[in-house]
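Let's walk through this structure together, one region at a time. Have the sequence and the 3D view open as you read.

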Amino acid sequence: MWADPREVEDAAMAQLRNIADLPWVHGLAVMPDVHLGKGATVGSVIAMRDAVSPSAVGVDIGCGMSAVRTSLSAADLPDDLGRLRRRIEQAVPVGFAMHGDPVDTSVAGEPGFERFWRRFDELHEGVRDRRDRALRQLGSLGGGNHFIEVCLEQGGADAGRVWLMLHSGSRNIGKELAERHIEVAKSLPHNADLPDRDLAVFVSGTPQMAAYRRDLFWAQEYARRNRAVMLGLVRRALSSVVPGTGFDEPISCHHNYVAEESYGGVDVLVTRKGAIRAGSGELGIIPGSMGTGSFIVRGLGNQESFTSASHGAGRRMSRNKARKAFTEADLAAQTAGVECRKDSGVVDEIPAAYKDLDAVMRAQSDLVEVVAHLKQVVCVKG
């Protein structure tokens, strides 16, 4: 555990014990941002031998982060950041919205979209009528804690450098696939006596596992490509406001996904449920809340954590509790200096509903090193 057990809620500890007791589990690493989830705790890294739990992965398959450093400094940004925010919101649909027509994927600057879409008809038969929706949602943000930000680097030689950052996943198609496979897993006889039905697993060598892996890995690729398209659209929006903007190579990382990895000579399926891969030298992104900034990090390759690190600050308060505890005025105060929504619809995303990101970073100093500390000046929420 990289979390202080005294600060982990009892329900989350119970979830962790249930996970650790599963006969297929090879190991469990607990991140410092851990909190109660559905079936599996958010902020847990579950290494299983020949098995995977679709509920542990969850319904937003492949959710993660992308970021890119620009050639701009703070002084290059327009005085009216509201104009830039509106331009981004015009370019990228948010909430339940989607593009009217499928977006031109060349904006992502990467190949393989045609080959990727040819695999759609191999997915679960229950989603095959969702192709048009999935096409038009590609390059859209979604809601909840998903966001797009314009950030400024803090301190060091590059203080004031402008970054773009975003957080999103596999949209409705990932949810549709996940829900269908979760129901199948719960119906299998070997899951009948589990302490929590939401920990139902598929096991290797079965047609159910083969079908889930096929759909899982497709949805993870959809999520990555969704972020790449969005980042392209946001780059274009920024360049329309500040012509001549240059961009470095993007950074992208899932934080809700499955990977095939090996530790100590044992091949395992690693589910990072609210955690990023932090292999030696690998770049990752650890965001905070909509008012506290984020970190670009480099992994240290710690094998005890299954080369993982936290995916963010982690919630310390449920959405319902946050809505009851805080007002729009509180949100405005806690997001002072950030061009963003400050209405009742995003009060549940108030910074005080999240854990202290600096404390989370201190707790995992043996997992990652900080490359850059970023602070947002524009935040677009779903």
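Arg225 is buried, because its relative accessible area is 3% and anything under 20% counts as buried. Keep in mind as you look that this is a predicted model. What does the side chain of Arg225 meet in a salt bridge? Its partner is the side chain of Glu110, with 3.2 Å from N to O. Arg225 belongs to helix H7, while Glu110 sits in the loop between H3 and helix H4 (113-118), so this pair ties together parts that are 115 residues apart in sequence. Glu110 itself is partly exposed, at a relative accessible area of 23%. Side chains of opposite charge can pair when their charged atoms come close.

Helix H7 takes part in another such link. Glu221 forms a salt bridge with Arg119, and their closest N and O atoms are 2.8 Å apart. Since Glu221 lies in helix H7 and Arg119 in the loop between H4 and helix H5 (131-137), the pair ties together parts that are 102 residues apart in sequence. Arg119 is partly exposed, with a relative accessible area of 28%.

Elsewhere, salt bridges that share partners join Arg315, Arg319, Arg323, Asp348, Glu349 and Lys381 into one network.

Now turn to helix H3. Which of its residues are buried? They are Leu81, Gly82, Leu84, Arg85 and Ile88. Looking down the axis of H3, you would find these buried residues within an arc of 160°, so they line one face of the helix. The background is simple: an α-helix has 3.6 residues a turn, so residues three or four places apart point the same way. Among the elements that cover the buried residues of H3 are helix H7 (207-241), where Arg225 lies, as well as E5, strand E15 (339-340) and strand E16 (368-381).

The N-terminal end of H3 is capped by Asp80, which places a side-chain oxygen 3.1 Å from the backbone nitrogen of Gly82. Asp76 is found in the loop between strand E4 (64-73) and helix H3 (81-91). The side chain of Asp76 reaches back to the backbone nitrogen of Ser73 at 2.8 Å. Asp76 counts as partly exposed because its relative accessibility is 39%. In sequence, Asp76 and Thr245 are 169 residues apart, yet their C-alpha atoms are 9.5 Å apart in space.

E4 and E6 run antiparallel and are joined by 7 bridges, with Ala67 partnered by Met165 in E6. Strand E5 (residues 147-154) also runs antiparallel to E6, and 6 bridges join the two; here Cys151 stands opposite Trp163. The hairpin of E5 and E6 has 6 residues between the strands, and in it Gly155 takes a positive phi near 70°.

How much of E6 is buried? In this strand (residues 161-168), 8 of its 8 residues are buried. In a regular strand the side chains alternate between the two faces of the sheet. In E6, Arg161, Trp163, Met165 and His167 point one way, and Val162, Leu164, Leu166 and Ser168 point the other way. All of these residues are buried, whichever way they point.

Note on methods. Residues are numbered from 1 along each chain as its sequence is written. This is a predicted model: local features need pLDDT of at least 70, side-chain atom pairs count only at pLDDT 80 or more; totals for chains, interfaces and linings use all residues. Side-chain values use heavy atoms; hydrogens and water are left out. Helices (H or I, at least four residues) and strands (E, at least two) are DSSP runs, numbered from the N terminus. Buried means under 20% relative accessible area, exposed over 50%, partly exposed in between (1.4 Å probe, protein chains only). A polar contact is a pair of N or O atoms within 3.5 Å; within protein, one must be able to donate a hydrogen and the other to accept it, and residues adjacent in sequence count only if both atoms are side-chain atoms. Two strands pair if DSSP finds at least two bridges between them. The arc is that of the directions from the helix axis to the C-beta atoms. Contact means heavy atoms within 4.5 Å. A salt bridge is a side-chain nitrogen of Lys or Arg within 4 Å of a carboxyl oxygen of Asp or Glu.
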